[in-house]
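Subject: Structure handover and notes

Hello,

Here is the structure you asked about. Please open it alongside this message.

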Amino acid sequence: MIGSARTALTSILTGAGLRVFAFTPERSTPPMGILVPAGDWVMPGDVFGAYRVGFDVTLIVANAANETMITALDDLVDDTLVAISDAASFYASQVGAPSMIDIS
């Protein structure tokens, strides 16, 4: 259940032309997305005996001038939301505020 949901979401996003990893890669080269378990990773589904699996998609763009990074991130988020909204059985519940991370 969990592994197949991770694989399906990764396939949907990569099929839309996004560079997405199901697990944190050994080497990171932005732009890219990484699937990580959401805070509400496994929850009861809408019917008895069913479950919902939640993933956060962490989107990463290359370090650049602020306007360049924000524009790249906006485009990456837009493309990700379109890919998810076009997919059956998946939905985006929210998009968190951007932040800086060190991936080296």
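This is a predicted model: local features need pLDDT of at least 70, side-chain atom pairs count only at pLDDT 80 or more; totals for chains, interfaces and linings use all residues.

Residues are numbered from 1 along each chain as its sequence is written, and side-chain values use heavy atoms, with hydrogens and water left out.

**Core**

The largest nonpolar core has 14 residues. Such a core is a set of buried Ala, Val, Leu, Ile, Met, Phe, Trp, Tyr and Cys residues joined through side-chain atoms within 4.5 Å. Buried means under 20% relative accessible area, exposed means over 50%, and partly exposed lies in between (1.4 Å probe, protein chains only). The residues with the most contacts inside this core are Leu9, Leu13, Leu18, Val20, Leu35, Phe55 and Val61. Helices (H or I, at least four residues) and strands (E, at least two) are DSSP runs, numbered from the N terminus. As background, nonpolar side chains in soluble globular proteins tend to be buried together.

Contact, or touching, means heavy atoms within 4.5 Å; the contact lists here do not count residues up to four places away in sequence. Leu35 touches Arg6, Leu9, Thr10, Leu13, Val20, Phe21, Ala22, Phe55, Asp56 and Val57.

- Leu9 is in helix 1 and counts as buried because its relative accessible area is 5%. Its contacts are Leu35, Phe55, Val57, Ile84 and Phe90.
- Thr10 touches Val20, Ala22 and Leu35. The Thr10 side chain also reaches the backbone oxygen of Arg6 at 2.8 Å. That is a polar contact (a pair of N or O atoms within 3.5 Å; within protein, one must be able to donate a hydrogen and the other to accept it, and residues adjacent in sequence count only if both atoms are side-chain atoms).
- Arg6 is found in helix 1 and is buried, with a relative accessible area of 11%. Arg6 touches Ala22, Phe23, Leu35, Pro37, Trp41 and Phe55. From Arg6 to Ala22, 16 residues apart along the chain, the C-alpha separation is 6.4 Å.

**Largest pocket**

The largest pocket has a volume of about 1,300 Å³. On a 1 Å grid over the protein atoms alone, a pocket is an open set of points where a 1.4 Å probe fits, with protein on both sides within 12 Å along at least five of seven lines; lining residues have an atom within 4 Å of a point. Grid points are joined across faces, edges and corners, and the volume is the space filled by probe spheres set on the points.

The pocket is lined by 42 residues, and Asp56, Val57, Thr58, Leu59 and Gln94 lie nearest its centre. Helix 1, strand 2 (32-44), strand 3 (51-60) and helix 2 each give two or more residues to the lining. Strand 3 gives the most, with 10 residues. By type, the lining divides into 28 nonpolar, 11 polar and 3 charged residues. Here Ala, Val, Leu, Ile, Met, Phe, Trp, Tyr, Cys and Pro count as nonpolar, Asp, Glu, Lys and Arg as charged, and the others, Gly among them, as polar.

**Backbone features**

Most residues other than glycine have a negative phi, and most peptide bonds are trans. A cis peptide bond joins Pro30 and Pro31, with omega about 0 degrees. Pro31 is in the loop between strand 1 (20-21) and strand 2. Ser89, in the segment after helix 2, has a positive phi, near 75 degrees, and is exposed at 76% relative accessibility.

Regards
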